[in-house]
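Subject: Structure handover

Hello,

Here is the structure for you to look through. My notes follow below it.

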Amino acid sequence: MRDGLRGLTTRGRSFLAAAVAAAISAGILGEKDLLRVAVLLAVLPLLAAAYVGRSRYKLACNRSLEPHRAPVGASSRVVLRLQNLSRLPTGTLLLEDRLPYALGSRPRVVLERLGAHQASSVAYTVRADVRGRYEVGPLVIRLTDPFGLCELTRSFPSTDHLTVIPQVTPLPSVRLPGEYAGSGDSRARSVAVHGEDDAATREYRMGDDLRRVHWKSTARTGELMVRREEQPWESRATVVLDTRAAGHRGEGPTASFEWAVSAAASITMHLRQAGYKLRLVTGNGVDVGATEAGGEGLLLDHLAEVHLDRRGEITTLVQQVRQRADGGLIIALLGTLGAAEAELLAGLRGNGATCVAFLLDSNTWLNLPAKARAEAERAHGSAALALLQSGWRVIGVEHGNRLPVLWPQAGRGSQGFALRAALAETVAGGMR
């Protein structure tokens, strides 16, 4: 009741003021009818305050996002389900969901009334052109009585999160170098096995199924031997994202860093669909793997929030990749490099790893004078040549290039040799 009195509108307060004035006049004039009018004027806003105050604590709200993870530029539908838990109908309800600026203006929805134990759903759409993780809510509701004498505001504390992930582009299927590097023995043994006598065996361990006992090996060794279970072949890949602020140019959704993030998301999804055991490493500390179903969502969530690191260095990135180096395929999305930084990356070629670099010439994201542009091209060519000489497969990326067009160069072919010759000419020309 106290909260209801605090929520009296101007109209409600006017009714109370008129009731006081009528009561004073009735006392002075001795008019009982005027006193009845005063009582009526006072009772109406009090009843409205009691009605709204009681309804304030008898509402339940549930919010759902469809989907809760959406790519950049796509829309997500927010559904609000409001239920009246009271036996009394509510008045007019004004719903306002709080949103961050990136998702647009705050939606306002009006519900005329909710009957006893009645529920109603309303929906609105949001869209973000910038990736990230955004908080949706809390919901604010304004409750009023039918006469507009009292209005209260209630805020539901619950919030939800919308994750705006990078744009994922489908990539063509190509045979990648290093796709046979991994762990397991199914693929190798499928070529060598010729019969039961060639089955791989090991010593019996407590708990092994007796049906797996290999009697010929047991008789030959004098110890109980069982057939070894074949381990599924696992092709492994590591996607490396360079987050150095010094290596990227441009601002907003069209920056070179956003191209690299979108490319990382597209490559990780493509490799996961191809059956790779995947690992994502970024320069600002992210090191996650996707080994089970649903792991793609975890990788995309990290890419949704990844940001440039102004203090980032190639040394830190190389050390982070080496912490769990286990061979396989390494695909790196790299910004502008110096020759010394390219030599540091050469160390990742160890342990049987096959390395592919998408080397961004981020200066093409800027309008540079001709002289500065020529110097930037020479530096870019020197870094690419250093990677090529260390055994990397290098794919040059300029502003306006599309990943599906560049992706086939990551497969086996002669593109790397052609690029090696072109870069050698570029460097030689710069030295003259």
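First, a term: Ala, Val, Leu, Ile, Met, Phe, Trp, Tyr, Cys and Pro count as nonpolar, Asp, Glu, Lys and Arg as charged, and the others, Gly among them, as polar. The model is predicted, so local features need pLDDT of at least 70 and side-chain atom pairs pLDDT 80 or more, while totals for chains, interfaces and linings use all residues. Residues are numbered from 1 along each chain as its sequence is written, and side-chain values use heavy atoms, without hydrogens or water.

Now the largest pocket. A pocket is an open set of points on a 1 Å grid over the protein atoms alone, with protein on both sides within 12 Å along at least five of seven lines; lining residues have an atom within 4 Å of a point. The space in the largest pocket is about 480 Å³, where a volume is the space filled by probe spheres set on points joined across faces, edges and corners. Its lining has 22 residues, and Q167, P253, E258, W259 and S262 lie nearest the centre. By class, ten are nonpolar, nine polar and three charged. Domain 2 (59–165) and domain 3 (236–429) both contribute to this lining, so the pocket lies between them. Those bounds come from an automatic or database domain assignment.

Next, the cavity. In a cavity, a 1.4 Å probe fits but cannot get out. There is one of 30 Å³ or more. The largest cavity has a volume of about 40 Å³. Among its lining residues are D242, R244 and E313. That lining has two nonpolar, three polar and three charged residues.

Best wishes
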